[in-house]
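Please guide me through this structure, from its overall division to the details of its metal site, strands and core.

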Amino acid sequence: MTGEEFPRWRGDLLVGTLQQQNLYRVRLRGKKVTYVEPIAVGKRIRDLHQTPTGKILLWTDDAAVVVLTRRRGAPTGAAVFTQCRRCHEAGGGGSAMAPNLAGIIGRPVAALPGYEYSAALKAVKGAWTEERLQAFIADPQVFAPGTTMAVAGVAGAADRAALLEYLRTYSP
Ligand code: HEC
């Protein structure tokens, strides 16, 4: 996948099927398949083609052409993350404002060397699972009362889900 239409799918393979009437999005790392997502189309897919801007054209068995485009208005993680970037991107400067979030999923809580965490966050212990991140981001003061991350939180579940998807791939 290339182009601007599906930025989160860039580099992935799309495979059409006749039998299952599905499209499969396949993510490869090197030669290994790391992720397969079935996308229900409901028609037998004969062929597919991507336009220069990244839209996907499907030729179906009944000789129709289906155009796939991204759902407009759906939150993107990169957009939601702009509210985090206010504090969280150290950039080249190594800001002491907030810890870097690269590789945050699975990382031990409050454990980045060189960052002065609050006692509140250090008391959480364990590692950041996606569930814990969801809870923290929804309301930091409920998840870790006394944390110095002074934000109200991301209220919308769809926004949080998009943000989590973004954090999975985030490397500044
Ligand atoms: C106003 C600045 C600010 C904003 C905006 C902000 N954070 Fe933070 N964040 C912090 C600070 C400060 C800490 C350290 C908190 C502590 O030690 O209690 C932190 C800690 C974290 C941690 C824990 C990191 C670790 O190493 O354990 C995560 C995860 C996190 N923030 C995610 C986010 C996300 C996602 C957003 C956007 C929705 C966000 N933050 C927005 C300041 C901010």
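In which strand does Arg-29 lie? Arg-29 belongs to strand E2, where strands (E, at least two residues) and helices (H or I, at least four residues) are DSSP runs numbered from the N terminus. Arg-29 is exposed, its relative accessible area being 51%; here exposed means over 50% relative accessible area, buried means under 20%, and partly exposed lies in between, with a 1.4 Å probe and protein chains only. Between Arg-29 and Asp-12, which are 17 residues apart along the chain, the C-alpha separation is 9.5 Å.

The model is predicted, so local features need a pLDDT of at least 70 and side-chain atom pairs count only at pLDDT 80 or more, whereas totals for chains, interfaces and linings use all residues. Residues are numbered from 1 along each chain as its sequence is written, and side-chain values rest on heavy atoms, with hydrogens and water left out.

The protein chain is divided into domain 1 (7-68) and domain 2 (77-169), with bounds that come from an automatic or database domain assignment. The C-alpha centres of domain 1 and domain 2 are 33 Å apart. A pair of residues also gives a sense of distance: Glu-89 and Tyr-35 are 54 residues apart in sequence, and their C-alpha atoms are 28 Å apart in space. Glu-89 is found in the loop between H1 and helix H2 (119-122), and it counts as partly exposed at 29% relative accessibility.

The strands come next. Strand E2 (residues 22-29) and strand E3 (residues 32-40) run antiparallel and are joined by eight bridges; two strands are said to pair if DSSP finds at least two bridges between them. Within this arrangement, Tyr-24 stands opposite Pro-38 in E3. The hairpin of E2 and E3 has two residues between the strands, and Gly-30 takes a positive phi near 65° there. Strand E4 (residues 45-50) pairs with strand E5 (residues 56-60) in the antiparallel sense, over five bridges. Leu-48 has Leu-58 in E5 as its bridge partner. E4 and E5 form a hairpin with five residues between them, and Gly-54 in the turn shows a positive phi of about 105°.

Most residues other than glycine have a negative phi. Ala-110, which is not a glycine, has a positive phi of about 50°. Ala-110 is located in the loop between H1 and H2 and is buried, with a relative accessible area of 16%. Lys-125 is likewise not a glycine and has a positive phi of about 60°. Lys-125 lies in the loop between H2 and H3 and is exposed, with a relative accessible area of 56%.

Attention now turns to the metal. Which residues coordinate the iron atom of the ligand? His-88 does so through NE2 and Met-149 through SD, at 2.0 to 2.1 Å; donors are N, O and S atoms within 2.8 Å of the metal (3.2 Å for Na, K and Ca), and sites may look incomplete because water is not among the atoms. His-88 lies in helix H1 (residues 77-88) and Met-149 in the loop between helix H4 (140-143) and helix H5 (157-169), so the pair ties together parts that are 61 residues apart in sequence. The six donor atoms of the iron make angles of 88 to 179°, and the site is octahedral, a term that requires opposite donors over 155 degrees apart and all other angles between 65 and 115. His-88 is buried, with a relative accessible area of 10%, whereas Met-149 is partly exposed at 25% relative accessibility.

The nonpolar packing can be followed from here. The largest nonpolar core has 21 residues, and those with the most contacts inside it are Phe-81, Leu-121, Trp-128, Ile-137, Leu-163 and Leu-167. Such a core is a set of buried Ala, Val, Leu, Ile, Met, Phe, Trp, Tyr and Cys residues joined through side-chain atoms within 4.5 Å. At least two residues of this core come from each of H1, helix H3 (130-138) and H5, and H5 gives the most, with four residues.

Aromatic rings complete the picture. The whole structure holds eight aromatic pairs, in which rings of Phe, Tyr and Trp (its six-membered ring) have centres within 6.5 Å, with planes under 30 degrees apart counted as stacked, over 60 as edge-to-face and the rest as tilted. Tyr-115 and Tyr-117 form an edge-to-face pair, 4.8 Å from centre to centre with 70° between the planes. Tyr-117 is buried, at a relative accessible area of 11%. Phe-81, Tyr-166 and Tyr-170 are linked into a cluster by ring pairs.

How values were computed. Tetrahedral: all angles 85-135°; square planar, octahedral: opposite > 155°, others 65-115°.
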